[in-house]
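Subject: Structure handover: domains, pockets and cavities

Hello,

Here is the structure for you to open. Please keep it on screen while you read the notes below.

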Amino acid sequence: MLWIPGPTEVRPEILAQLARPAIGHRSAQMVELIERLDPHLALAFGLSTDSTAELGVHSVSASGMMEASLRGVGQKILAVKNGAFAGRFATMAESLGKQVEHLEVEWGRGVDPAVLDETLTQKGPFDAVTLVSNETSTGTLTPLAPIAEVLARFPETMFLVDLVSLIAGAPVDFDANGIDFGFAGVQKALALPPGIAVFCASRRYEQAAQKVPCRGWHLDPLKLLAGHKQRKTPATPCTPLYYALAQQLEDISSGLDLAPGQGSSSPAKAWAARFDKHESMRSQTEAWATGHGLSLFPATGFRSPTVSCINAGEIDVGALQADLSRRGYLISNGYGDLKGRTFRIGHMGDHTPAGLAELLSAADDAISSPARS
Ligand SMILES: Cc1ncc(COP(=O)(O)O)c(C=O)c1O
């Protein structure tokens, strides 16, 4: 069972959607399929009721949408770097010929809003700031509201946010947090097989992007937004994953994560129950770690609700992984330089606190009485 930080486990009901007969992507069925998505994506992105933001879906990995987000902004980028994927965002901007200022932040922490403010003031103006909301490499959450407060003073700067391992795991509050372009793959807290990405763009992002020349074709954010609006994807989409996404979003909105007996509920409450579930799995994992004398890699206040990154202490991470794997559970080693020093548990998507308790109990056994190979 996948307890890695994505891709994560996919429910059989969702897998069944992948076996539906193929449909023409210029058919009425495709229009209907795309129309099933938006009301629920609006909840996933936490759009305000008067939002003018536009939603979209593209058949590409999350990195593809990271690149698309950059293709709609000007040349001068401030990249907040507190982990491996934040580093990828910066590298990608450079590969597109952008002029990138790197704002290095200690891994395991979010950027200090005062430092961000100072950098924007002293080194700006910038066309965009890039940020990874939930660094999967270190299990680090950057609270968005304090960043949004700073960026509100720099209206010329677009706020591009990687929501890859955050969306459907915690509130995004797209409008309230002043996000201009947010994107995510679907293989993390949305718990689908990988292969498509969801995104959302503010009106001002769309307006600014119109002035940017040479945005490409397959990753031109304006082409993708227009295609979604017209229910006509620019290129042939991965329709099986669209079916899976529609099913998953509808299931979440109708209360997939509500406790039995919780009764009827609004879609917004159903999404809030999913976010609460992830938060409780975060504290459950943290309590387990501290019970074993282990500390969390991210500082207090920056711990992710979907991925816990635990300092391994004396634990042999490779041996723990191998033992858990023999018991049927896959967890991840630390990322990059953190390999062997940390391990990561992805408690995201359709995983439940009860399932997590089983994994943690297997980890107890693996630590106290290792299974023989
Ligand atoms: C935070 C974050 N951003 C971007 C990516 C890249 O996603 P993909 O592999 O779907 O391109 C990942 C993948 O793990 C991620 O965790």
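First, a term. Helices (H or I, at least four residues) and strands (E, at least two) are DSSP runs, numbered from the N terminus. Two source notes come next. This is a predicted model, where local features need pLDDT of at least 70 and side-chain atom pairs count only at pLDDT 80 or more, while totals for chains, interfaces and linings use all residues. Residues are numbered from 1 along each chain as its sequence is written, and side-chain values use heavy atoms, with hydrogens and water left out.

Domains

The protein chain is divided into domain 1 (13-250) and domain 2 (269-368). These bounds come from an automatic or database domain assignment. Taken over C-alpha atoms, the two centres are 26 Å apart. In contact (heavy atoms within 4.5 Å) are 29 residues of domain 1 and 21 residues of domain 2.

How much area is buried between domain 1 and domain 2? The value is about 2,000 Å², and carbon and sulfur atoms give 65% of it. Buried area is the accessible area (1.4 Å probe) that two parts lose on being put together, summed over both. In domain 1, Gly-139, Leu-141 and Gly-169 lose the most area to domain 2. Together they make up 19% of what that side buries. The count of salt bridges between the domains is zero. A salt bridge here is a side-chain nitrogen of Lys or Arg within 4 Å of a carboxyl oxygen of Asp or Glu.

Pockets

On a 1 Å grid over the protein atoms alone, a pocket is an open set of points with protein on both sides within 12 Å along at least five of seven lines. A cavity is a set where a 1.4 Å probe fits but cannot get out. Lining residues have an atom within 4 Å of a point. Points are joined across faces, edges and corners, and a volume is the space filled by probe spheres set on them.

The largest pocket holds about 220 Å³ of space. It has 16 lining residues, and Leu-141, Pro-143, Leu-166, Ala-170 and Pro-171 are the closest to its centre. α6 (144-151) and α10 each give two or more residues to this lining. The largest share, three residues, is from α10. Domain 1 and domain 2 each supply at least three residues of the lining of this pocket.

The second largest pocket holds about 170 Å³. Of its 15 lining residues, Ala-62, Phe-85, Arg-88, Val-164 and Lys-188 are the closest to its centre. α3 (62-71) and α4 (84-95) each give two or more residues. α3 has the largest share, with three.

Cavities

How many cavities of 30 Å³ or more does a search of the whole structure find? There are two. β1 (54-58) and α8 (221-229) each supply at least two residues, and α8 gives the largest share, three.

The second largest cavity is about 30 Å³. Among its lining residues are Gly-139, Arg-282, Glu-286 and Cys-309. α10 (267-291) and β10 (307-311) each give two or more residues to this lining. β10 gives the largest share, three.

Best wishes
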